[in-house]
Amino acid sequence: MSANIPDIVKHRVSEQGKKTLDSIFKFVEWQCIPADPVLEAQIGEGDSRWDHYPPIIDELKKEAKRLHLWNLFLPKGHYKESPGYTNVEYGLMAELLGKSRAASEATNCAAPDTGNMEVLAKYGTEAQKAKWLKPLMDGEIRSAFLMTEPDVASSDATNIELTMRKVGNDYVLNGSKWWSSGAGDPRCKIYIVMGKSSPNNPDPYKQQSVILVPANTAGITIHRMLKVYGYDDAPHGHGHISFKNVRVPASNLVLGEGRGFEVIQGRLGPGRIHHAMRCIGAAERALEWMLMRINDPKKTPFGKQLREHGVILEWIAKSRMEIDAARLIVLNAAIKMDDLGPKAAMKEIAQAKVLVPQTALTVIDRAIQVFGGAGVSQDTPLANMWAQVRTLRIADGPDEVHLQQMGRNENRKGQETTAKINWQKEETERLLKKHGVKRIQPGSNIKPKM
């Protein structure tokens, strides 16, 4: 794998990073991908799937720790808990992890835990880190992130309605959340919850706070697990959860009252780039399955192997170009994050967040089409991959929100650009006059015939 690092970032990858990439490649290809069907089989059927997790995960975790492939995501220079890799290096690593369902969890690099660990590492108190960050980083527990609500348009987080009322030394929470990913796992012990703590603050971006809520707190009810295109993703799950007079110590507040947006933006920026990184891996795996299918000698529609049909080779070529281009978008964002921090890279992160899942979906869809009926069945990983990647066009902010913001920012150049173009036109006229020439339009001397 280290031999395939794009030239544009090769100088940014350390020797240790190259060794780790090679190690991850072998771990994912030879251990995690073969284990994915075992993981699914161990989950089983029915409601019992929510009271246990696949034992093979513990085997893979043990091997990942032995190989020092653990907590790879915290970027160098930003967190004392970092293993020492840059965002560029982790971007290349996450691409490999994205090829397997089990790989990210096996290396303790799975969402939503990665984002939640970043919140605790960046904003948590020492007490909060000792109680929640350490067991998360040790892989002993898992977590969930609760922001989206069923009754409001949560793409605008100022709409959040779950109330956080200060009562003595506690906050009392009332409201509901859904798409609480990770809440179904029996190992999930902590929720990171966004709620409205200061509804009367004149600044709508200072009305919200983020608080740590132990999953077993009285008053919490899990109503159901939501399905994603028919998949319920057990035991991880996406919970629909209500809070009724849930009392939490004020010491569980993250960063401070009214600073919820600051915390959330600090979490979602890196989270978006992590998703994009893994999408590249999913697209690469879909292309691999496509290559296998078109070279299958048993598949000969109209007397030819699939690879002999022109449109198929065009799909292969387009997929390769699109994946490689999408990778550069991701690495560009990672470079800026490393050099200037996530806040300065918001445009580049948004570009990756929008473009990469769309690219991956296009490639996966081509692979599904090549497989025909098998492509939409359980006989390949493609249908599940498509469903998982499709959610990323909504998760962490729908594409339209990011596109609107990018469009606004780009349009700020409108006045300056207009002035420049008008000056260029005027300068052209001056030069024409200076050199004594006129522009003659084609056909200007044609006379209509009677």
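1. Strand β4, residues 188–196, is mostly covered in this predicted model, since eight of its nine residues are buried, where buried means under 20% relative accessible area, exposed over 50% and partly exposed in between, with a 1.4 Å probe and protein chains only. Helices (H or I, at least four residues) and strands (E, at least two) are DSSP runs, numbered from the N terminus.

2. On one side of the pairing pattern, β4 runs parallel to strand β1 (residues 142–146) over five bridges, and Ser-143 stands opposite Ile-190 in β4; two strands are said to pair if DSSP finds at least two bridges between them. With strand β5 (residues 208–214), β4 runs antiparallel, joined by seven bridges, and here Lys-196 stands opposite Gln-208 in β5.

3. Residues are numbered from 1 along each chain as its sequence is written, and side-chain values use heavy atoms, with hydrogens and water left out. Because the model is predicted, local features need pLDDT of at least 70 and side-chain atom pairs count only at pLDDT 80 or more, while totals for chains, interfaces and linings use all residues.

4. His-236 lies in the loop between β6 (220–225) and β7 (238–249), and with a relative accessible area of 18% it is buried. Residues up to four places away in sequence not being counted, His-236 touches Trp-50, Ala-111, Pro-112, Arg-142, Ser-181, Gly-182, Ala-183, Gly-184 and Asp-185, contact meaning heavy atoms within 4.5 Å.

5. Ser-100 is placed in the loop between α4 and α5 (103–106) and counts as buried at 7% relative accessibility. Its contacts, leaving aside neighbours within four places in sequence, are Val-28, Cys-32, Ile-33 and Asp-36. The side chains of Ser-100 and Asp-36 are also joined by a polar contact of 3.0 Å, that is, a pair of N or O atoms within 3.5 Å, of which, within protein, one must be able to donate a hydrogen and the other to accept it, residues adjacent in sequence counting only if both atoms are side-chain atoms.

6. The lining of the second largest pocket comprises 13 residues, of which Met-1, Asn-4, Glu-95, Leu-96 and Glu-284 lie nearest its centre. The elements giving two or more residues to this lining are α2 (15–43), α4 (87–97) and α8 (260–294). On a 1 Å grid over the protein atoms alone, a pocket is an open set of points where a 1.4 Å probe fits, with protein on both sides within 12 Å along at least five of seven lines, and lining residues have an atom within 4 Å of a point.
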